[in-house]
Amino acid sequence: MKLSRAEYKEIVKCTEHLRPTRQCMTILRQRFPNHSQSTLLSIFSLEYQKRTKRTMSRHQAPDSIESYYQRYLSEAKARPSVPVLLELANEVDLSPALMARVIVDRFLQDQEGASKQVLNNMLREPSLIPDQALANHVYQCTINDCCYGPLVDCIKHAIGQEAEVLLRDKLKERNLSFLDENQLRTKGYDKTPDIILEVPIAVEGHIVHWIESKASFGDDHSHRTYLNEQFWSYWNRFGPGLVIYWHGFIGELDSQRDRGILLKDCFPSDIVTLCHGTSPATTDSLTG
C-alpha cells in the first residue's frame, strides 16, 4: 500500500501515545479501517523503535534498573496473580519484552555462571528461569509485545521468508531466470540483493537487473538507511533495480527511478522481458 506523506504522518501521530501491546492494533485498525493491518503494524513498530532508541539509555541506567527490579520484587510478592511486570513496562513506557530482559539480566547478576547466552536462552524459553514466578511474568511480557522480543523476532523472520518465497514463485510463474541470495553467495558475492535476474526486465519503462524484497513499510528513515547501506551498492555493482516494500511505503520516496531504483508495494504486473544482450540504455529490443 503506497501512502502519501500526509496519510503517513496522520498514522504516525496516532501512534505517539500507544504502547507496544497487541491492543494497540485494535485502536489503529478502528482509526484507519482502509489500511491493512500489516502496514499499520509495520509503521507502528518503526515509530516505536525510534522512540525506544531515544529513551533506552534512561531505562538502562543502573539506578533505573535497580528501581525496576525492586519494584518488581515488591509488587510480585504483594500481588502474585497480577501481571506486574507488564504493568510496570507500560507505566514507564518501555517495551514489555525489553523490560523482561532488564529484569532477568538483573536477576542473573545474583546467580553463578550467568552469561549473555544464558540470558538469551531464558528469554527465548522462560521455563529455563529457575524462579517460576519470574518465568511467568517474562512469558506474559513476551506474548503481549508486538515490537520486541523473541516471539516478534520469529514472526518477522517468518514473514520475511514468506515474502522472499512469494517473490521467487512470482518470478517462476513468469518463467524469468534468476539467481537468489544463497546462489549468489556460493559464487563469492558478499553483499547481494535477494534476486539477480539473469535476463533483465523492464517495469513501467525502467530497466531492472535485481530485486530486493522488504517485508516492512518504507518510511523516510529506513529507506534512507537502505539506500546508503544496500541499494546504491547494488546499483553500482549490478545496475538499476527494483525494491518491493510489501507493507507499503511513502509514495514521495519513489523519486530515484531515473537514477535506477524503482519502488513498488507488490510484484509488478506489467513486466516486459528483454532479449539476451539488450543494453540497459537500449529499449528497442523489448518484447512482450
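This is a predicted model: local features need pLDDT of at least 70, side-chain atom pairs count only at pLDDT 80 or more; totals for chains, interfaces and linings use all residues.
Residues are numbered from 1 along each chain as its sequence is written, and side-chain values use heavy atoms, leaving out hydrogens and water.

Tyr 226 also belongs to a cluster linked by ring pairs, together with Trp 210, Phe 231, Tyr 234, Tyr 245 and Phe 249. Rings of Phe, Tyr and Trp (its six-membered ring) pair if their centres lie within 6.5 Å; planes under 30 degrees apart are stacked, over 60 edge-to-face, the rest tilted.

How many aromatic pairs does the structure hold? There are ten. One of them is Tyr 48 with Tyr 148, edge-to-face at 6.4 Å centre to centre and 65 degrees between the planes. Tyr 48 lies in helix α3 and Tyr 148 in the loop between α8 and α9, so this pair ties together parts 100 residues apart in sequence. Helices here are DSSP runs (H or I, at least four residues), numbered from the N terminus.

Is Tyr 48 buried or exposed? Buried, at 1% relative accessibility; buried means under 20%, exposed over 50%, partly exposed in between (1.4 Å probe, protein chains only).

Tyr 245 and Phe 249 make a tilted pair, 6.2 Å centre to centre with 45 degrees between the planes. Tyr 245 is buried at 0%, and Phe 249 is buried at 1%.

How values were computed
Helices (H or I, at least four residues) and strands (E, at least two) are DSSP runs, numbered from the N terminus.
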